[in-house]
Amino acid sequence: MISEVKVDLTGGVLTLTLSRPDKKNALSNEMYGVLADAIERAETDTEIRVVLVQGDGDMFTAGNDMGEFAAQGSGNGPAERHVVRFLKALAQATVPIVAAVQGKAVGIGTTLLLHCDHVILGEDAQLVTPFVNLALVPEAASSLLLPARIGYVRAFSMFALGEPLPAQTALAWGLANAIVPVAQLHAQARQIAEAIAAKPRGALTATKRLMRDAETLSAQMDREGVSFAQRLTSAEAREAFLAFAQKRKPDFSKIA
Ligand code: COA
């Protein structure tokens with residue numbers, strides 16, 4: 001089977017392209033596996049100077065595959081959940097990561113940006129973290145990283161209300177470096193990635209190591225993971241996933 005994440009190493013830039021456009025690049029277990037392998041490889045393969053994450057189609061990613069969430073909630077998830085390995089790899093990454101975001105970045109699509117070192121948004125980008133709407137909790141250490149980055153009340157609002165954050169606000173709040181026309185997004189991200197790739201790798205990775213506390217991030221991911229797993233099996237989450245599958249609004253009013 002051809003992977004729905006394209007991997008390309010050219011000129012020291014490892015480009016990971018989410019490529020499942022018919023499902024808005026929703027992330028499956030298989031895709032997390034490829035992403036995890038790539039980020040892990042970037043730590044040891046000295047040919048890789050920088051990682052660039054981007055998406056095909058009109059949307060960066062619609063976040064975790066909803067069908068797979070529902071399967072996990074009913075105990076039918078995969079034996080090995082690669083998302084856990086992917087998140088841990090992000091927490092521990094010392095190779096710089098650049099992201100290029102067009103359209104929506106939903107759920108982990110936004111929280112993974114908090115682990116990126118340079119984020120470029122297309123003019124139409126919108127960051128969305130609808131964890132509470134899905135009866136879930138934040139992940140990827142975003143419960144720590146988002147309030148630290150943008151302040152508690154803004155972070156709570158993003159998590160609790162799940163309203164899309166427009167690119168201009170994301171830029172103003174320090175969630176991104178720049179906004180560019182969508183037609184130029186991938187070229188400009190590539191340019192930045194190449195500029196970073198030309199820097200001394202040892203100094204870059206040492207700088208990133210000093211700027212981030214991998215242990216704390218990893219421990220927060222573990223705490224979130226416990227709560228997330230409980231929430232996945234809740235009646236509220238079952239209703240949220242069923243509503244998505246049935247293309248209707250969820251009704252939580254009858255759940256105590
Ligand atoms: N998991 C699985 N499939 C998804 C998906 C997801 N997270 N997001 C979108 N899709 C699928 C849709 O089911 C639809 O499939 P179909 O054509 O077989 O019916 C297809 O992708 C296109 O999605 P659609 O909803 O028609 O596109 P849209 O542009 O109107 O809306 C979104 C896009 C992302 C706003 C909307 O699909 C959505 O809210 N998705 C769920 C996002 C989410 O909550 N993710 C989890 C975060 S923790």
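## The aromatic pair in helix α6

Helix α6 carries both Y152 and F156, which sit four residues apart, about one turn of the helix. In this predicted model, their rings form a stacked aromatic pair, with 6.2 Å from centre to centre and 15 degrees between the planes. How exposed are these two residues? Y152 has 57% relative accessibility and therefore counts as exposed, while F156, at 48%, counts as partly exposed.

With a relative accessible area of 66%, V153 is exposed. Together, Y152, V153 and F156 make a nonpolar surface patch of about 380 Å².

Looking over the whole structure, a search turns up five aromatic pairs. One of them joins F69 and F241: the ring centres are 5.6 Å apart and the planes meet at 25 degrees, so this pair is stacked. Because F69 lies in helix α2 (residues 66-73) and F241 in helix α11, the pair ties together parts that are 172 residues apart in sequence.

Are F69 and F241 buried or exposed? Both of these phenylalanines are buried. They also belong to one aromatic cluster, formed by F69, F228 and F241.

## Around the ligand

Which residues come nearest to the ligand? Of the 18 residues around the ligand, the nearest are K23, A62, N64, M66 and K247.

Some of these approaches can be described atom by atom. A nitrogen atom of the ligand lies 2.8 Å from a backbone N or O atom of A62, and a polar backbone atom of N64 is 3.0 Å from a nitrogen atom of the ligand. K247 takes part through its side chain, where a polar atom lies 2.8 Å from an oxygen atom of the ligand. On its own the ligand has 870 Å² of accessible area, and the protein covers 66% of that.

## Salt bridges

Side chains of opposite charge can pair when their charged atoms come close. The structure holds 14 salt bridges. One of them brings together the side chains of K6 and D56, at 2.7 Å from N to O. K6 lies in strand β1 (residues 5-10) and D56 in the loop between β3 (50-55) and α2, so this bridge ties together parts that are 50 residues apart in sequence. K6 itself counts as partly exposed, at 43% relative accessibility.

The side chains of E194 and R190 meet in another salt bridge, at 2.8 Å from N to O. This one stays within helix α8 (residues 185-197): being four residues apart there, E194 and R190 are separated by about one helical turn. E194 is partly exposed, with a relative accessible area of 40%.

R248 forms a salt bridge with E239, and the closest N and O atoms are 2.7 Å apart. The two partners fall into separate accessibility classes: R248 is partly exposed, with a relative accessible area of 34%, whereas E239 is buried, with a relative accessible area of 13%. Elsewhere, salt bridges that share partners join D37, E40, E80 and R85 into one network.

## K254, after helix α11

Where does K254 lie? K254 is found in the segment after α11 (235-245). This lysine has 72% relative accessibility, so K254 counts as exposed. The side chain of K254 makes a polar contact with the side chain of D251, at 3.3 Å. For a sense of position, K254 and T110 are 31 Å apart in space, C-alpha to C-alpha, and 144 residues apart in sequence.

Key. Residues are numbered from 1 along each chain as its sequence is written. This is a predicted model: local features need pLDDT of at least 70, side-chain atom pairs count only at pLDDT 80 or more; totals for chains, interfaces and linings use all residues. Side-chain values use heavy atoms; hydrogens and water are left out. Helices (H or I, at least four residues) and strands (E, at least two) are DSSP runs, numbered from the N terminus. Buried means under 20% relative accessible area, exposed over 50%, partly exposed in between (1.4 Å probe, protein chains only). A polar contact is a pair of N or O atoms within 3.5 Å; within protein, one must be able to donate a hydrogen and the other to accept it, and residues adjacent in sequence count only if both atoms are side-chain atoms. Patches are made of residues with over 30% relative accessible area and no salt bridge: like charges are joined within 9 Å, nonpolar side chains (Val, Leu, Ile, Met, Phe, Trp, Tyr) within 5 Å. Accessible areas come from the Shrake-Rupley method with a 1.4 Å probe; for residues, only the protein chains shown count as cover. A salt bridge is a side-chain nitrogen of Lys or Arg within 4 Å of a carboxyl oxygen of Asp or Glu. A residue is near a molecule or strand if one of its heavy atoms lies within 4 Å of it. Rings of Phe, Tyr and Trp (its six-membered ring) pair if their centres lie within 6.5 Å; planes under 30 degrees apart count as stacked, over 60 as edge-to-face and the rest as tilted.
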